[in-house]
Amino acid sequence: MRTILALGLTSVLVATTCAQVVLGDNKGKVRAANALAVISDPEQPLQWSRRDFQDGTNFEIFGFWPAYTIQVNGLQFDALGNQVGAGDDTGSVTITTVDSLVNTFGWPASFTVPRYLFRQGGAYTNRSNNGDHGVEGTVWVKYELDDSNPNGWNVVKVQVFAWDVRDIVHKSAINKTRSFSDTAAPYRIDIYVAQNDPNPASDPQSDPNWTFVGTLSKADGTLPNVCQWDASTNNTFGECPTATLDYLNGNNPLGLKFHQDPTNEIWYSVQNTAGRSGIKYVALVIPQGNQYGQDPTLAASNRTSSSLRYTNITDVRVIAGVDGDVDRNGCVDDADLLQVLFAFGATGRNAADINGDGVVDDADLLIVLFNFGSGC
């Protein structure tokens, strides 16, 4: 059951308080992506699609940009001169809830989400041939953090909203027996950070200025198992597993339903980091395409659709703070020490795993002890 939206919907503790968002929340911007399509032109493999699409229910334009993390007025250009976003991405969008969530779980017929969560960033990463949804190759996108600190930031956490609100809780069709998605979440995301990036067009995987800090993946439950093809229903696209819907409906550590608090960290996949000071840039690398491409049952079914070629992420946030501040109240104190001690030996995603190596151990304890009193 690890793949339950065990998700990077994963184990989280409390929302940040004194910690600072340095990407997202109107801060930071897209620095560069390794391939972008021209607006309104058909995209090529390994491009972030920049075509504008209109939602048939509320007529919002959403498009596939390199994630709507950055909310801007007007046009946005990256360091290479490419247009990577447009419009005022603030405000909210009214979601028309899919019937399966209304009828089965008692959700309201409609609710609102921030506009940036309704939109999505999609990369053309996978083939969409009969029997072949394999990976075309790797795509990446670099982000610049808030530049109000010229010395860079002590990055303690990277959050990725790696599923599609527009599909799963909003889009409906009469022949669908439960929530579904015709575009897919990433199978894996590798996260890199950099203090300097003299060449914006460089690949973070091979550029020595960039440091690998961790991986989120469906395989270990840190990315949500959003949708998969279900032969029993004979539907074309992927439907949401029961465990995913249960999680969204409150079967999670906070007992929270998605429509009650759409921006809560619990819906994000979270990579904890430690000891990463002076960071000015963060990159996401998607090396294995989308989850449909890793689904042998779907490939064997000879189902095909151009939508199955996309890998989507919706939002990215980067949090700066103090190493060792487990509860994110801005102060490394007894409470943080106790949290590490009580979780000592635990494996898997855990807020007390400060360095993000998968286990709460001596290394995490030492981070707290060395930083004890910081920020207080």
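Student: In which strand is the place of Trp140?
Tutor: Please keep in mind that this is a predicted model. Trp140 belongs to strand β8.

Student: Is Trp140 buried or exposed?
Tutor: Trp140 counts as buried, because its relative accessibility is 4% and buried means under 20%.

Student: Which residues is Trp140 in contact with, leaving aside its neighbours within four places in sequence?
Tutor: The contacts of Trp140 include Ala32, Ala33 and Asn34, then Trp48, then the run Pro200, Ala201, Ser202, Asp203 and Pro204, and also Leu284 and Val285.

Student: And how many residues apart along the chain are Trp140 and Leu46?
Tutor: Trp140 and Leu46 are 94 residues apart along the chain, and their C-alpha atoms are separated by 9.3 Å.

Student: Let us turn to charges. How many salt bridges does a search of the whole structure find?
Tutor: The search finds 9 salt bridges. One of them joins the side chains of Glu144 and Arg31, at 2.8 Å from N to O.

Student: What does the pair of Glu144 and Arg31 tie together?
Tutor: Glu144 lies in strand β8 (residues 139-144) and Arg31 in strand β2 (residues 29-33), so the pair ties together parts that are 113 residues apart in sequence.

Student: Are those two side chains buried or exposed?
Tutor: Glu144 is buried, with a relative accessible area of 16%. Arg31 also counts as buried, at 9% relative accessibility.

Student: Which Asp meets Arg31 in a salt bridge?
Tutor: Asp197 does, and the side chains of Arg31 and Asp197 meet at 2.7 Å, N to O. This pair links distant parts of the chain, 166 residues apart: Arg31 is in strand β2, while Asp197 is in the loop between β11 (188-194) and β12 (210-217). Asp197 counts as buried, with 4% relative accessibility.

Student: Which residues are linked in a network of salt bridges?
Tutor: The network links Lys29, Arg31, Lys142, Glu144 and Asp197.

Student: What about Arg166 and Asp167?
Tutor: Their side chains meet in a salt bridge as well, at 3.4 Å from N to O. Arg166 is buried, with a relative accessible area of 7%, and Asp167 is buried at 0%.

Student: Now the pockets. What is the volume of the second largest pocket?
Tutor: The second largest pocket has a volume of about 170 Å³. Its lining has 13 residues, and Glu144, Leu145, Asp146, Asp147 and Lys280 lie nearest its centre. By class, this lining has 5 nonpolar, 5 charged and 3 polar residues.

Student: Last topic: how many residues has the largest nonpolar core?
Tutor: The largest nonpolar core has 39 residues, and those with the most contacts inside it are Trp163, Val169, Phe258 and Trp267. Elements that each supply at least two residues of this core include β5 (92-96), α1 (99-105), β6 (110-114) and α3 (165-170).

Student: What does Phe258 touch, not counting residues up to four places away in sequence?
Tutor: Phe258 touches Trp107, Phe111, Val113, Phe161, Trp163, Val165, Val169, Leu248 and Trp267.

Student: Which residues does the second, separate core include?
Tutor: That second core has 32 residues, among them Val160, Ala162, Ile286 and Val318.

Key: Residues are numbered from 1 along each chain as its sequence is written. This is a predicted model: local features need pLDDT of at least 70, side-chain atom pairs count only at pLDDT 80 or more; totals for chains, interfaces and linings use all residues. Side-chain values use heavy atoms; hydrogens and water are left out. On a 1 Å grid over the protein atoms alone, a cavity is a set of points where a 1.4 Å probe fits but cannot get out, and a pocket is an open set with protein on both sides within 12 Å along at least five of seven lines; lining residues have an atom within 4 Å of a point. Grid points are joined across faces, edges and corners, and a volume is the space filled by probe spheres set on the points. Ala, Val, Leu, Ile, Met, Phe, Trp, Tyr, Cys and Pro count as nonpolar, Asp, Glu, Lys and Arg as charged, and the others, Gly among them, as polar. A nonpolar core is a set of buried Ala, Val, Leu, Ile, Met, Phe, Trp, Tyr and Cys residues joined through side-chain atoms within 4.5 Å. Buried means under 20% relative accessible area, exposed over 50%, partly exposed in between (1.4 Å probe, protein chains only). Helices (H or I, at least four residues) and strands (E, at least two) are DSSP runs, numbered from the N terminus. Contact means heavy atoms within 4.5 Å. A salt bridge is a side-chain nitrogen of Lys or Arg within 4 Å of a carboxyl oxygen of Asp or Glu.
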